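Dear colleague,

I am handing over the structure below, and I would be glad if you kept it open while reading the notes that follow it.

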Amino acid sequence: MTDLSRRTLVLSSLAAGALSAVSAAGAAGPAQAATAPSAVPLVRSRLTLPSGIQTGDATTDSAVLWSRSSGPGRLVATLRAVDAGGAVISGKGAFERTLRGSWASADTDFTAKISATQLPSGSRFALTLQFEDEDGNLGEAVRGSFSTAAGPNAAGRTAARGNDVPRGQSFVWTGDTAGQGWGINEEIGGMRAYAAMHATKPDFFIHSGDTVYADGPIQASVTEPDGQGWKNLVTEEVSKVAETLNEFRGRHRYNLMDRNVRAFYADVPVIAQWDDHETHNNWWPGQTIDDSRYTVRDVNTLAARGRQAWQEYQPIADRRALSPATTGFEPARIYRKIPRGAQLDLFALDMRSFKGENTPGLEATETHILGEEQVQWLIREVSASKATWKVVLNDLPLGVVVPDAKGQESISNRNDGAPLGRELELARVLKAFKDAGVKNIVWLTADVHYCAAHHYSPERAAFRDFDPFWEFVAGPVNAGSFGPNAMDLTFGPTVEFAKAGIRVNQSPRDGKSQFFGHVEIDGGDAFTVSLRNALGETVYSKTLTPAS
């Protein structure tokens, strides 16, 4: 990925409750907010982009473009193909397109998206997003960039609209943003792990859930165990648990106040997943929560509001999710496949919407965490994939024990014997992959607030009808550190590596308790995973070679 990074700057006061994001210079060249010609004065009421810009679910030929307006307006995007140095391509290989998207209104918290399709593969684009008002006047422009993956028939090197494009690609993943009350601390540079991920110049980013902590109030100051004072930026919406739609939306607006987050999202497409904290800790559909901080105790009501806010703020590429009629739990589907060419297919799971109650997990019959429709989809799509690597994005870990009072939050049940409960659903998936002869499956997760490398093998397992595979764990990106947790041995995991902070709920201050994963797939399809801390230091690395 070329170094076409963009920065955004805070222009308006926090007291006014709005930030105006404008592009600043990156290493590849200057990028400034577009303004009217010098002879025309700026209009005070022009539409601005207070939460910056995002792209998401970038494939070989498509991406979703996102922004939020300061008032009613239509999202307008301009895309131009650029070369490795960031210069706009002219002549052979040139590509320029202007797209108009949905109308931003109070109904969507003034967020809007554009589904950009039929893009040339293996190409990088300079992107400008702005909003036009009802009179057609264009407001502030923010610039960013994104890339499409090389096409499915690429081999070694591929020609993309006349340009020589390397076959390889890289990405980062993590989870858990602004958790346990550790929010934006500008005294230490804000959410610095996002800057560390940005520095690796990835082609895309996987946010593996807990994109916000709707159930975790953020206070202006926190005293750490060693006596240091942690100072958070605070807004009204994050000062209490989220119950109203506006409070859920406010959680997403809050994270986008961080300059590192905005700069990262302007440059790096996200593949977003949701987990529990977008609603409430360890929730499942149909639950009545027992939490004195809430006046609304019906989790389905909270989850509908949380999901609507999440869908409004995440650039996910599902036609139903992009429909103007989509709200709450209506038919938008969070689980989805993101094709990245001959090297890579990604399968983003939803391990929350179809989940059963958090019991001890010892049922003799199968209980759900994916649900039957998603199980069948996963088996069908992974088995049909022609990509070298099939990466499953599981927002909850497979063999890690994650207790929830007297029950279990994840798949494992702390019983090392034959599969029971939710484990039966996973066993069915793993067996189907083996029966279909699927090779080169890797699972990536977050959730547990430490990093780890797990290898699963039937030789060590109580259930043996599956092929060996790796699962890698990363996170948190800006939250308290926990773990490492115990492992359930039903599927034969061994912990090759694990690293957590030095104490429970350690703050992100020193950067060494915050983790993200980085994957580099080279031209020969070698799959190198490294686990890194928020300082960018590699703490573990593993290279996997594809089986034929």
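In this predicted model, the second largest cavity is lined by L349, M351, I369, L370, L378, N394, L398, I411, E425, L426, V429 and W443, and its volume comes to about 70 Å³. Helix 6, which covers residues 422–435, gives three residues to this lining, the largest share. Sorted by class, the lining of the second largest cavity has ten nonpolar residues, one polar and one charged.

This cavity belongs to a group of six that a search of the whole structure finds at 30 Å³ or more. The largest cavity has a volume of about 120 Å³, and of the 13 residues that line it, T211, N255, L256, Y265 and Q314 are the closest to its centre. Two elements, helix 2 (245–255) and helix 3 (259–267), are the ones that give two or more residues to that lining. By class, the lining of the largest cavity has six nonpolar and seven polar residues, with no charged ones.

Helix 4 is mostly covered, since eleven of its 15 residues are buried, among them V299, L302, G306, R307, W310 and Y313.

With best wishes

Key:
Residues are numbered from 1 along each chain as its sequence is written. This is a predicted model: local features need pLDDT of at least 70, side-chain atom pairs count only at pLDDT 80 or more; totals for chains, interfaces and linings use all residues. Side-chain values use heavy atoms; hydrogens and water are left out. On a 1 Å grid over the protein atoms alone, a cavity is a set of points where a 1.4 Å probe fits but cannot get out, and a pocket is an open set with protein on both sides within 12 Å along at least five of seven lines; lining residues have an atom within 4 Å of a point. Grid points are joined across faces, edges and corners, and a volume is the space filled by probe spheres set on the points. Helices (H or I, at least four residues) and strands (E, at least two) are DSSP runs, numbered from the N terminus. Ala, Val, Leu, Ile, Met, Phe, Trp, Tyr, Cys and Pro count as nonpolar, Asp, Glu, Lys and Arg as charged, and the others, Gly among them, as polar. Buried means under 20% relative accessible area, exposed over 50%, partly exposed in between (1.4 Å probe, protein chains only).
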